Amino acid sequence: MSEYILQAKHLTKTYTQRSGKFGFGKTLVKALNDVSINLRAGKTLAVVGESGSGKSTLARCLLQLQSIDSGEVIFAGKDLAKLNAEALRSMRKDLQMVFQDPFASLNPRMRIGDLVGEGLLIHGLGDAAERKNKVIAMLKRVGLTEADMQKYPHEFSGGQRQRIGIARALVLQPKVVVCDEPVSALDVSIQAQILLLLKELQQEMALSYIFISHDLRVVRHIADDIVVMHQGRVVELGKVADIYEQPQHAYTQSLLAAIPGKKVANG
Amino acid sequence: MSAPTDTVQPLLQLQHVTISPKSTPSRLLVNDVSFTIEAGKTTCVVGESGSGKSLTALSVMGLLSQQLQLNTGKVLFNDHETGVQDISLLSEKALQKIRGAKIAMIFQEPMTSLNPVLTIGYQIGESLTTHLGLKNHALKNKIASLLEMVGIPPNRADSYPDELSGGQRQRVMIAMSIACEPRLLIADEPTTALDVTVQAQILKLLDDLKTRMNMGMLFITHDFGVVADIADNVVVMFRGEIVEAGAKQQVLNNPQHPYTKALLACVPDAEGKKDLKPIDYAWLPDRNLQSTGAAI
């Protein structure tokens, strides 16, 4: 059991959608349909699928940012879905998230120092001086400077903002980090920098990642294990190398076939 | 301005185009950019954010923002009817006749480029009414056939944009842009916001349409993977300047400029054989520029 740091068992989540004339009708959309995943400690588990496949819902449900209808999320021997609000909050110290859109996920009215230090403040870790030192150390680690603490998010480029998002998540020294499409809003040239940073930090801080993405080129480089989702279900899971070489499910095959630029793969 | 139409004359010629803000004319956002587009061929403009690729495209359409100006340069468009003319000198009224009819554009964000309070059928029909004067039944049929062409059931014409998925909205944008069978199609990162599977479909659709209608296409992207799939010719831009241009095979397989090499090296491959590499600015002569490379 100890091999896995985070386990989700038989998660289901249903959304109600208004439909029909004037929205009087109701349709149930199964965003998660009996989804089970296992995250190995210190490894990266990629969740891939197209929009609407339920991968972001899965990320949010794992961290209990959204309630689940049924199922269990086991972390550190406890079922997160059954914890009360207070216990869950203290548990969140170990479970952090890096969001997709670095332009929308940082509060434009907060300085970078406050943004990154917010988690430390909430969890009451250290006094003001200690917090400041931690924030500075973290900013330097992700490639920013001490002077950046006084700046506002709009003064940074997309890649730099994503570094801030990473610093914000990692300053608490979490155990599990959920990255929801962390590089899909960035230029290809910046993507590699952020991916390498995530990889280095994983080594240094013994992090386990859940990496949500629709870009199979990126996943190939960062993930150890992979889960392929389609319409709320897991259609295939296994080691990255195996799935890329011998995809079993037709949907996985179509995803792999859609990767652009196969002709210059060795360019 | 008009010259006799020549069959070997390319469809579009940009000559020494330079763009700068009106307030600081010395700051060149696009500096001396020249390239040509031929009918039935796709030219890809590749570069990072801020390299001036979108500005170049907007200048072709005469859609530069009020704060910007086209300093020098010619945008020569080869039209069947009027011959070759410099469309950057045309009045707004004359430009309106060209936009949508002869030159059409697909914008980057299908989520924000459609009007949310109008049906997609109405939005596709707008340019047909304006440029071709289609009405009633003829208009409806044409809209239906356009929707069919881009793979959306024709009965969705009465749907509103929020009832469609991202890929479908981008298809609607494509249907709008090809409605009047333009000679030149400008696509500004048309697939960046889309899933890979949808992206592959859209790229194939654009390629088919280009061949069928013998359109010239100016395709803007930052992803060399997409370039490999769709381009005939490639133009690489860096900080407002063209650093390399040529046929696809030549640029992708035998890049000459260090920036092209660096940009190609940081595209991850699907096999995982190539190491991940951050973009390398070591070739820049100026040390200061090197360190700020990521910030442009």
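**The surroundings of B:V236, one of the residues with the most contacts inside the largest nonpolar core.** B:V236 touches B:V46, B:G47, B:I242, B:V243, B:E244, B:A245, B:V251, B:H257, B:Y259 and B:T260, leaving aside residues up to four places away in sequence. Touching, or being in contact, takes C-beta atoms (placed from the backbone) within 7 Å. This is a predicted model, where local features need pLDDT of at least 70 and side-chain atom pairs count only at pLDDT 80 or more, while totals for chains, interfaces and linings use all residues. Residues are numbered from 1 along each chain as its sequence is written, with chains lettered from A and ligands numbered from 1 in the order in which they are written.

**The largest nonpolar core, with its 158 residues.** Besides B:V236, the residues with the most contacts inside this core are A:I210, A:F211 and B:A175. Helix α6 (residues 188-205) of chain A brings the largest share, eight residues. Such a core is a set of buried Ala, Val, Leu, Ile, Met, Phe, Trp, Tyr and Cys residues joined through C-beta atoms within 7 Å. Buried asks for 20 or more other C-beta atoms within 10 Å of the residue's own, exposed for 12 or fewer, and partly exposed is in between.

**Chain B where it touches chain A.** The contact takes 33 residues from chain B and 31 from chain A. On the chain B side, the elements giving two or more residues are α7 (196-213), α8 (224-230), α9 (248-253) and α10 (258-265). α8(B) hands over the largest share, six residues. By class, this side of chain B splits into 18 nonpolar, eight polar and seven charged residues. Here Ala, Val, Leu, Ile, Met, Phe, Trp, Tyr, Cys and Pro are nonpolar, Asp, Glu, Lys and Arg are charged, and the others, Gly among them, are polar.

**B:K277, in the loop between α10 and α11 (287-291) of chain B.** B:K277 counts as partly exposed because it has 16 C-beta neighbours inside 10 Å. Not counting residues up to four places away in sequence, B:K277 touches A:A192, B:A265 and B:C266.

**Helices α4 (residues 120-132) and α5 (residues 136-149) of chain B, packed at about 115°.** Their axes sit 10 Å apart. Axes are lines fitted to C-alpha atoms, for helices over the stretch in contact, and angles run from 0 to 180 degrees between N-to-C directions. From α4(B), the residues B:G121, B:I124, B:G125, B:L128 and B:T129 meet B:L139, B:K142, B:I143 and B:L146 of α5(B). This contact has five nonpolar, three polar and one charged residues.

**Helices α3 (residues 112-122) and α5 (residues 158-170) of chain A, crossing at roughly 30°.** The two axes come within 7 Å. A:I112, A:L115, A:V116 and A:G119 in α3(A) meet A:I164, A:A167 and A:R168 in α5(A). By class, that gives five nonpolar, one polar and one charged residues.

**Helix α1 (residues 53-61) of chain B and what follows.** B:K53, B:L55, B:T56, B:A57, B:S59 and B:V60 are buried in α1(B). Just after the helix, B:G62 takes a positive phi of about 70°. Chain B comes to eleven helices and ten strands, which are DSSP runs numbered from the N terminus (helices H or I, at least four residues; strands E, at least two). Of the 296 residues of chain B, 44% count as buried.

Methods
Two residues are in contact if their C-beta atoms, placed from the backbone, lie within 7 Å.
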